[in-house]
2 protein chains.
Amino acid sequence: MGNFKGNFLLSAPMAWLKVALLLSLVACAAARPRVVVVGAGISGLIAARELLRQGVDVTVLEANDRVGGRLWRTKVGSGANSAYIDLGAQWVGPTQLRFLALIDEFKVEKFPTWQDIAKGAKTLQWTDGALKDPTDAEQKDFLDVQGKIQELTKTIDTNAPWTHPDASALDAITVAEWAAANADTEFGLYWTLNNARSRCEPKTASFLHYLWHRTISSEGGEPQKWLIDGAAGQFPELLAAQLPRSAVRLEEPVHKIVMGKGAKPITVYTSKRKVKADAVVVAVPPYQAGRIQYDPALPASRRQLLMHTPLHNALKVMVSYPTPWWREKNLTGSAYIMGLSALQTLVVDASNPRPGSPGVLASFIAGEAAVRWNDAGKDARRAAVLADLAKVYGPEATANVVSYDEGDWPGEQWAGGAVFYMPPGTWTQFGKALRPAQWGGRLVWAGTEVAEKWAGYVEGAIVAGEKAATDAASAANGGA
Amino acid sequence: MGNFKGNFLLSAPMAWLKVALLLSLVACAAARPRVVVVGAGISGLIAARELLRQGVDVTVLEANDRVGGRLWRTKVGSGANSAYIDLGAQWVGPTQLRFLALIDEFKVEKFPTWQDIAKGAKTLQWTDGALKDPTDAEQKDFLDVQGKIQELTKTIDTNAPWTHPDASALDAITVAEWAAANADTEFGLYWTLNNARSRCEPKTASFLHYLWHRTISSEGGEPQKWLIDGAAGQFPELLAAQLPRSAVRLEEPVHKIVMGKGAKPITVYTSKRKVKADAVVVAVPPYQAGRIQYDPALPASRRQLLMHTPLHNALKVMVSYPTPWWREKNLTGSAYIMGLSALQTLVVDASNPRPGSPGVLASFIAGEAAVRWNDAGKDARRAAVLADLAKVYGPEATANVVSYDEGDWPGEQWAGGAVFYMPPGTWTQFGKALRPAQWGGRLVWAGTEVAEKWAGYVEGAIVAGEKAATDAASAANGGA
């Protein structure tokens, strides 16, 4: 019994018992439902965590070499004079309840922004080539236009904007056309367009789409009220760390999803593997979801929709300094810039308020400016942004730059832009196809764009991920 | 020397000679440039044939289980009472010189359409629920609007519509808006929109896009002058038959194209194989080209363009009868239908004039009607189309139906719709990125949409394929 052979032969009854146990484990494992999540943005990671909590095995397949999607942080500065900044989504507001809960869960601190604290400090206004405040008439014009938009948002059914009595008319024009017809001053028109451009391209986006988006993510909800210590981009990392190590596969773009016949599993294909699943959550922007091959093909209405959901051509730019030097000059750091080369919109102070943190100015290169700078490369954009800042803030804006960083979302292959929008005629023709699951509920859509509130924000991504997880778990368990 | 061993050993010098010859052949094969063509539509097949003629090895990778793309024929009827009909592109006109040359090359006959021959025959007009001819004022309104469009097309630079002095204004509105502002009667508006809908969705397409498309494919060029004996869909089959059998691989969607560093080859990935190439021709619609992963990623401007190039939501429907029975009733077979359930546009006689050929009525389900019927399935569409035809043509339209066939282009996963179009703001922001090759000229775009004339037609597909072949051959040979 001491030698190997004897041990093997004589312990046969024990071996059989082991085999029987092993088989029952295999059976259990096979019975445990499995869901594949496509995309490791925060929506996909939230979905994956929730699926695990609901007793479902999960594999997350991510195209990029990092988790986070349109949440992405980087560290600027060094030693005590450093901080994390967000190259993507950044702020949180008081009605974004699921995001606030996530912040609390990880015991992360949030801070009010400097412009809310700096009582009496000045916000710069750059107009027609000089620092110049708008006239009262100009300001009134802009506010009147905003008031009109606000009134219209009260008439939108957020879950079905196509049911609006004037849906056809509102979906027939672009944001830019409506703005041109409603603003009386060049100033009012410029800032109406720029305000819209934080969400979508006004030249291309349907006015109904814009109204829908203003309704589901109202400025009254103060979505930029707080900054997050350590940056919003930390949450994908924190969530991924809670998943089994092998559950998240990076650099594995999914190019094909094939439904098994009857109760057979779905197969999800990457260049490196095939993964079987009882249900699939696709947690990427609608346009990116449309790049995947589905077998059987998605219904024509859904595919037409996915062809009409471009992502907004907007880059986020962040310039970091050793200190927020503008504060000593009694400035909020905010500047409204009308018409420079790269910066044509709001610049804000996005500094972490912890002592010693770098001073950070954040802005966007979007619309016409993005078209100008899209393909120019980071170095050229850096030079243009700094030149623009110097005009508005003075020479200090180009002195002692610690870091120039950007979220080049149009340049990121697996994003393609900031947030989705729809051109005219899309909501009223194909809007119904945005959210419903396919394949008898086994192919479920997540990602911030399908959220019924705060679509395009972290809050929407979390809510959409949670809902998708519940729907997919139900489908994977054979439920309706 | 008679035994195997002796033979092997003693013939060693001969063997070395063979090895040397073999190596030189391998070296020759390696030196022969290779191009991969993505997509076996007529543009890709023309490119492939031209590349072979220029001494380049070619592999064509096609996603679908057939060649032809948006050219596709099927046989209706049986025996002597049968004919091929086109589920996709069908007609040819006198200025489509490359298509005419292809027709001649294969010694195929073409025929004038019945409506051009049937002198004195009546074209039906269905308006507001009854057969009713428009008033003179209504007809004049429609023609006046067409005249205005015609005048505007004279101002368009077909290669660079964004250079038009009013480009911003023309690209700011949809076709539907322009039509609403320019038609005075309900009739004039309806038919202006429907005329546009043969090309693009007027609710979503930019007016500048429509003007561009009217300019490069003018109705004055009579693009529907002739029908083709055996159907236009025969040419992809004829072209594919001229290529080496192994050169065309069906059911192999390309999901990734990776550029080798420096002079290294490009690698093209399908689920079944990797193919090395010195240059690649992507001969699919722009939206479909954007579904492929490129490494390195395409420039942001190009990717933004590809996000803004939906394919038109239009199905082609064909109803076949034993004979063109309407001709005996002195009808052209054509009918202008205003406002039925599935058919809301022109119906035409598309019968082959050979004696014994079936009578064929062709039309489209597009726009609002397509949205209604997209996901309903072929049987439901058949019932709706026949019910519509019965209203206009009488009960004979539902008696003795030999075949109901459709080109469900929005339902075809690898097409996605009929022809591409651009929503407002696209040509002026991203139009420049439509045609230029990438990766130092090694990644070349074909497909009808990149043609400078007759884009969206067979003619454009051929011209684009020929140009792409020359460009790709030059790049594959190391040329500039």
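Helices, at least four residues long, and strands, at least two, are taken here as DSSP runs numbered from the N terminus, and in this predicted model that numbering places P296(A) in the loop between β14 (293–295) and α13 (300–307) of chain A. The peptide bond that leads from D295(A) into P296(A) is cis, with omega near 0 degrees. In chain B the bond from D295(B) to P296(B) is likewise cis, with omega near 0 degrees, and P296(B) lies in the loop between β14 and α13 of chain B. Most residues other than glycine have a negative phi, and most peptide bonds are trans.

The contact draws 47 residues from chain B and 47 residues from chain A, and the area buried between them is about 3700 Å², with carbon and sulfur atoms giving 48% of it. On the side of chain B, Y287(B), M307(B) and Q429(B) lose the most area to chain A, and together they account for 17% of what that side buries. Across this interface there are 22 residue pairs in polar contact, both residues being at pLDDT 80 or more, whereas the count of salt bridges between chain B and chain A is zero. β14 (293–295), α13 (300–307) and α16 (426–430) of chain B each supply at least two residues of the side that touches chain A, and α13(B) gives the most, with six residues. By class, that side of chain B has 20 nonpolar, 19 polar and eight charged residues.

Although no salt bridge is counted between chain B and chain A, the count over all chains comes to 48. One of the pairs joins the side chains of R32(A) and D57(A), at 2.5 Å from N to O; it links distant parts of the chain, with R32(A) in the loop between α2 (12–31) and β1 (34–38) and D57(A), 25 residues apart from it, in strand β2 (residues 57–61).

Also within chain A, helix α3 (residues 42–53) packs against helix α17 (residues 458–476) at an angle of about 40 degrees, with their axes 7 Å apart, and the crossing is right-handed. The residues that meet include I42(A), I46(A) and L51(A) from α3(A) and V458(A), I462(A) and A469(A) from α17(A). By class, this helix contact has 11 nonpolar, two polar and two charged residues.

Methods. Residues are numbered from 1 along each chain as its sequence is written. Chains are lettered from A and ligands numbered from 1 in the order in which they are written. This is a predicted model: local features need pLDDT of at least 70, side-chain atom pairs count only at pLDDT 80 or more; totals for chains, interfaces and linings use all residues. Side-chain values use heavy atoms; hydrogens and water are left out. Contact means heavy atoms within 4.5 Å. Buried area is the accessible area (1.4 Å probe) that two parts lose on being put together, summed over both. A salt bridge is a side-chain nitrogen of Lys or Arg within 4 Å of a carboxyl oxygen of Asp or Glu. A polar contact is a pair of N or O atoms within 3.5 Å; within protein, one must be able to donate a hydrogen and the other to accept it, and residues adjacent in sequence count only if both atoms are side-chain atoms. Ala, Val, Leu, Ile, Met, Phe, Trp, Tyr, Cys and Pro count as nonpolar, Asp, Glu, Lys and Arg as charged, and the others, Gly among them, as polar. Axes are lines fitted to C-alpha atoms, for helices over the stretch in contact, and angles run from 0 to 180 degrees between N-to-C directions. A crossing is left-handed if the near helix is turned anticlockwise from the far one by less than a right angle, and right-handed if clockwise.
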